[in-house]
Amino acid sequence: MTLVARGLLLALVLVPTLAGLLGVLAPALGYLPVLGFTEPSLAPLARVLATPGLGQAAAMSLAVGLASTAISLLLAIAITAGIESRRISRWLERLAAPLIAVPHLSIAVGAAFLLAPSGWLVRLVAGPLGMQTPPAFAYGAGYDLLVLGAVLVLKETPFLVAVLVAVAKSIDARRSLALARSLGYGDLEARLKLLAPEWLARAKLAIIAVLVYGIGNVELALVLGPTAPPLLPVLVLDLLTHPDLTRRLDGAAAALMLTALTGLGYAAYRIGAALAALAFRTWLATGPTPSLTRWLARTGDVATTLLLAFLALTFVVLALWSLAGPWRFPDPLPAILHLDLWQRRAPLLLAHAGTTALIAVTTAAIALAVVLLWLESTGRTTLPSWLWLPLVVPQIAFLFGLQILLLTLGLTPGLIPVILAHLLFVLPYTALLVADSWANQDPRYATMARSLGHGPWATFWRVKLPLLKAPLALALAVGISVSVALYLPTLFAGGGRITTLATEAVTLAQGGDRRLASATGLVLALLPLLALLTARRLGR
Amino acid sequence: MCRAKWLALGVLALGLIASKAMAFETVREAARGQTVYFNAWGGSTQINDYIAWVAGEVADRFGIELVHVKLTDTSEAVSRVLAEKAAGQTTGGSVDLVWINGENFLAMKENDLLYGPFAFDLPNFDLVDTEGKPTTLIDFTEPTEGLESPWGMAQFVLIHDSATLPEPPADLATLAAWAKDNPGRFTFPSPPDFIGATFLKHVLHAAVDDPEILTAAPDPATATGHLAPVWTWLDDLQPALWRGGRAFPANGPALHQLFEDGEVALTMAFNPAEASSLVLDGRFPETTRSYTLADGSIGNTHFVAIPFNSDATEAARVVADFLLSPEAQARKQDPQHWGDFTVLDLDKLAPEDRALFDAIEFHPATLPPGQLGDTLLEPHAAWMDLIEAGWRDRYGS
């Protein structure tokens, strides 16, 4: 049983990821026999290095990934540190779960319109200012990166808050906090100074995952990123899908470079963290600084409020566009609101929502079953760190190789490969959530059940599971929301045959009917929220 | 003697047609119950609706299940078939029918990723206007050799709002001057998007003295010289483009969105009826009009092809044949449904079939066939590679 559980986890996560990486490494080094490339060579790498715009694409990806990670992390630390002493933090922590569940693609679709020169914010002031046409000015890629960065921060901050809060709960800090208080430190400052460094150390993998996503994600880069040149992950996708098939080699080489870039990003993060630690030490040595702490907290509040307002507006905009008749610049609101689009597109949206839900629920349930099997049969609660591998390597760096692997296994692209690919990304989150509560459960209940003559399975089913109902339901909901938002795994493993709300949203947002894109974004956001509400109800 | 000869020929022709029809009957029988995964660009709701109509018809008539796999770019399907070939999957491929032309067709043909030839054996292929529309046989500069079946005709048009821009720039020279007078109001999708690439092809056509050289691969020795005027023209235009030429819309629909938002004053399409469908959709104002450049405008044909590892080649052929039927072609040409011009020769049609086409009304935003001006041919794909690479070097990075 133990072997089965271990093997299952290996086969579902480690093997496909490593095989996928190999499947990219080989063509990157010139080996792709089907196209007649059997001699290893560095030519693909050289060709990619010579691609015009490569440097800029890489630099932009690195910058947006690093900046969004740093800002999200600072906000998350501030929020987590204030949970005991500040109302706003407690309130935000409660918001974290639904915020994590909101798919970033929905936000992206709304944000793109909200912040455009012809977008809603400008339209609201265009009338009073007498503008007839949108302002035309020569703004560069920096603007796109700013919007992209904001959406990334919105997506990552709640996730980091959840991780840091979980980490903080596992540290017994009562004595050190009491000591700090006796030395005249406020609760917030004491936590920032005494506990935050430890949180960061323990949350390392989550931070890397956030950084890698910021640098290496394809979907947000497609929807919000600059185009000339695009961000590095988009460049990789373009090469991997180029009509000239020999460019696959270059695509693999570029994917390899993207992986290297995330490594570089991590190194930069470490350097930045070391520099920050120097400043931190100075602050640490100055004794209590309540006014500075208050100022920091207030800055964090303003930033968080702005982000939340931005989030709320994106959803208002999505709702407005999905109901809008003609809506031309500079009208602040659509001339007519009607349900035409919803009526006409209901069957389509329902079909996509059905596929999305089917994949998400199946994936989340399998992930939960596998994790429970592993925990119950191995008796361990510390997760193997390779479980995080799919999250700390850019998705595009192994999904192309994985596609070839799935085909070699004779799996026709379709639902099953998509579910397998989704498991790579859902399993780590499920495992993290479940293992934690599994480790914290009171072992005396199980012991008592066993001493009353129940077998291990009866104990498992009738004692352990019911006790953990709430965290297990939450793990299911989180698994569902992770799956719902996945774009690239669906695209590659589904062979394009599987249309989910996420793939549809990316296609539509890149160019298409903004009304339908908005409606898709709304339904996309609805699914995880429903899952979360159901989980809360079940967990009660 | 003469009469007997003609009679014999006639009988022979009839026999050929009859045997073709009979042969296809067996294909139809085999097709029943098969599922066709039709990989087609899914960015237009109108086209998606048309394909959904086709799916309903082939289900009713031939018992075929047609599934529309919506692509953001046709190259996705090409790469998938390639990945399958890489994995040694020679049957049961994920793509059964693909909407294709140009460089994607060339890539699939050169890599032996196509099933066929099959197109010439489709009964309805006999109705195709291969003489009047030579691009139904030659895709860009590549002979189709029956490996793809024509589906529709495309012609490049520019679109403007006659209320705000009553006299749009008539040719490329005036376009440059107008753009400089109205900075930020003109742009094109970034190549390799096909709308953007096609716009650049017009610039290329205008730049070379002898368009004949564009039908063959460029001579490396002289190509740079031929391309120089293209870059001069674009360099001159660059600062006057939307966002100062520092960013470009990703594709045609993205450019339409900028036009709908009022950011740019011109948009472009490879389908003369696109403007009217957007007007009917409520997205573009009623005063929207289309026009072609006085320099001539590029026209081409788009096709459907069947990958080598499809398990549903019979059903895919039946669908390809249905797409060529007068009924399907007429519906496709109707701007209410799609507005994509037919590949058929209307003179070859039976009167009742022809009436379907004559009944189509064109919205004022659409230029009807015959008012589209001179058709320019697609340059050889290698020219486009040069232009795309050159454009990326200069402006795309």
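Predicted model: local features only at pLDDT ≥ 70, side-chain atom pairs only at ≥ 80, totals over all residues.

**Entry 1: domains of chain A.** I then looked at where they meet: domain 1 of chain A puts 22 residues into the contact, and domain 2 of chain A puts in 23 residues.

Which elements give two or more residues to the domain 1 side? I noted helix 1 (2–28), helix 16 (389–392), helix 17 (396–408) and helix 23 (501–509) of chain A. Helix 1 of chain A has the largest share of that side, at four residues. Sorting the side of domain 1 of chain A that touches domain 2 by class, I got 17 nonpolar, four polar and one charged residues.

**Entry 2: where chain A touches chain B.** Next I turned to the contact between the chains, which takes 46 residues from chain A and 53 residues from chain B. On the chain A side, helix 7 (141–169), helix 17 and helix 24 (514–539) of chain A each bring at least two residues. Helix 17 of chain A gives the most, with four residues. By class, I wrote down 21 nonpolar, 19 polar and six charged residues for the side of chain A that touches chain B.

**Entry 3: strand 1 of chain B.** Is strand 1 (residues 35–41) of chain B mostly covered or mostly open? I found it mostly covered, with six of its seven residues buried. Strand 1 of chain B runs parallel to strand 2 (residues 65–71) of chain B, and seven bridges join the two. One spot I checked was Ala40(B), which stands opposite Lys70(B) in strand 2 of chain B. With helix 2 (residues 45–62) of chain B, these two strands make a right-handed β-α-β unit.

I also followed strand 1 of chain B to strand 3 (residues 97–100) of chain B, again parallel, with two bridges joining them. There, Phe38(B) has Leu97(B) as its bridge partner in strand 3 of chain B.

**Entry 4: Pro220(B).** My last stop was Pro220(B), which sits in helix 7 (residues 220–237) of chain B. Why does Pro220(B) count as exposed? Pro220(B) has 9 other C-beta atoms within 10 Å, and a residue is exposed if that count is 12 or fewer. I also looked at Leu386(B), 166 residues apart from Pro220(B) along the chain, and found their C-alpha atoms separated by 9.9 Å.

How values were computed: Residues numbered from 1 in each chain as written. Chains lettered and ligands numbered in written order. Contact = placed C-beta atoms within 7 Å. Nonpolar A, V, L, I, M, F, W, Y, C, P; charged D, E, K, R; others polar. Buried ≥ 20, exposed ≤ 12 C-beta atoms within 10 Å, placed from the backbone. Pairing = 2+ DSSP bridges. Right-handed = clockwise from strand over helix to strand, strands pointing away.
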